[in-house]
Amino acid sequence: MLLGILCGCEGFRNADAGQRAEKVSLTDVCMGTVVSFTLYPENGSDKSSAELLTRSLLQEVRSLEETTLSRKLETSEVYQINQSAGEKQGHPLSVQLEDLLLRCQQMTKDSDGAFDVTIGPLVALWRMDERAAGEEKGKLPSAEEIKAAMASCGSSKASLQDGKITLQAGAMLDLGSVGKGEALDLLAKALEGQEVAGVFSLGGSILTYGDKPDGMPWKVGIANPAHPEKTLGTLTLTGQWCVSTSGDYERYFMFEGERYHHLLDPATGYPARSGLRGVTILSESGFLSDALSTACFVLGKEKGMALAEKWQAGILAVDDEGEIVMNEKMRAFFSP
Ligand code: ADP
Ligand code: MG
């Protein structure tokens with residue numbers, strides 16, 4: 001989880017009492033996480049139009065979740081695709097989702113399968129969201145259950161062809177690893193051409209956009225995995241950037257003294273034990289920042305650093321001993 005945005009209350013807040021808005025902030029829940037948007041409107045723009053824009057941006061993210069990406073909402077394309085598993089004729093894909101799945105496929109290849117959105121059966125078996133929320137307190141999945149779920153995961157279980165996807169029986173897509181990043185790219189696109197600036201946080205993924213009117217840079221804090229309420233350091237950014245963090249402290253539960261978190265290793269079926277506790281990625285692309293943060297966490301330090309370099313992304317990783325490593329691109333923006 002990243003800090004760095006100072007707006008904590010529900011609904012809108014306005015920096016000044018008059019009509020002219022200096023900034024407006026909105027906090028809500030969306031994509032299963034807390035979202036906080038802070039928008040610095042065009043000079044002279046009034047409060048109500050800035051609020052309207054902020055609300056419409058949130059609506060776009062909601063709609064991406066509800067119509068396309070959610071694994072759990074019946075209204076979404078991914079839900080419908082998962083329902084179609086086992087059907088021979090394939091399920092038609094929207095252009096948008098086909099494009100996203102092709103990018104995910106590439107990331108699966110690049111990460112030797114450490115990142116894989118066909119991981120749905122394992123995600124569903126672990127019920128990590130429910131366990132982390134304390135709603136589910138049952139025993140761990142058994143080795144047999146894990147083996148069975150693993151048999152339904154893997155890129156061979158989903159084929160993309162002629163604008164259709166065919167899922168084998170039992171297969172299931174889960175786009176939890178890239179949804180927030182896609183949402184950041186959607187927000188950046190919606191803001192294009194508008195003379196506004198802002199910082200948009202969706203759980204562990206943040207978009208900075210434009211230049212703050214006071215000329216100051218954006219400050220994005222990186223949490224210390226050992227003490228998530230504290231920061232390890234700060235990224236000082238100007239203009240448009242995406243920052244995503246995947247950590248073992250974000251969504252997890254404890255069982256017999258061991259931590260079980262939501263970043264699963266497709267090769268073992270268990271939460272990844274890669275020697276890392278947190279990975280932060282800095283990229284111009286929301287998709288890349290989000291996909292890479294998950295992929296590099298599962299891959300571990302050396303392979304993760306190499307993968308981030310391949311995509312020209314900044315990476316900062318914290319290992320089990322609390323040691324921090326980062327590449328040059330990240331170092332250019334990081335201060336402890
Ligand atoms: P968050 O959702 O907390 O921002 P991530 O972006 O790292 O964290 O995504 C984690 C989510 O991705 C999990 O909750 C799960 O839905 C899915 N997932 C878990 N392991 C993998 C994996 N190896 N490859 C792809 N997706 C994964
Ligand atoms: Mg991710």
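This is a predicted model: local features need pLDDT of at least 70, side-chain atom pairs count only at pLDDT 80 or more; totals for chains, interfaces and linings use all residues.

Visitor: How many residues surround ligand 1, and which are the closest?

Guide: A residue joins the shell if one of its heavy atoms lies within 4 Å of the ligand. Here 19 residues surround ligand 1, and the closest are Asp174, Lys180, Ser246, Leu264 and Thr294. Sorted by class, the shell has 8 nonpolar, 5 polar and 6 charged residues.

Visitor: Which helix gives the most to that shell?

Guide: That is helix H8 (residues 286–299), with 3 residues.

Visitor: How do I read the polar contacts?

Guide: Look for pairs of N or O atoms within 3.5 Å. In the side chain of Ser246, a polar atom lies 2.5 Å from an oxygen atom of ligand 1. Asp174 also uses its side chain: an N or O atom there is 2.7 Å from an oxygen atom of ligand 1. Leu264 makes its contact through the backbone, where an N or O atom is 2.8 Å from a nitrogen atom of ligand 1.

Visitor: How much of ligand 1 does the protein bury?

Guide: Compare the ligand alone with the ligand in place. Ligand 1 taken alone exposes 560 Å², and the protein buries 96% of that.

Visitor: And where does ligand 1 sit?

Guide: You will find ligand 1 in the largest pocket.

Note on methods. Residues are numbered from 1 along each chain as its sequence is written. Chains are lettered from A and ligands numbered from 1 in the order in which they are written. Side-chain values use heavy atoms; hydrogens and water are left out. A polar contact is a pair of N or O atoms within 3.5 Å; within protein, one must be able to donate a hydrogen and the other to accept it, and residues adjacent in sequence count only if both atoms are side-chain atoms. Accessible areas come from the Shrake-Rupley method with a 1.4 Å probe; for residues, only the protein chains shown count as cover. On a 1 Å grid over the protein atoms alone, a cavity is a set of points where a 1.4 Å probe fits but cannot get out, and a pocket is an open set with protein on both sides within 12 Å along at least five of seven lines; lining residues have an atom within 4 Å of a point. A molecule sits in a cavity or pocket if more than half of its atoms lie within 2 Å of its grid points. Helices (H or I, at least four residues) and strands (E, at least two) are DSSP runs, numbered from the N terminus. Ala, Val, Leu, Ile, Met, Phe, Trp, Tyr, Cys and Pro count as nonpolar, Asp, Glu, Lys and Arg as charged, and the others, Gly among them, as polar.
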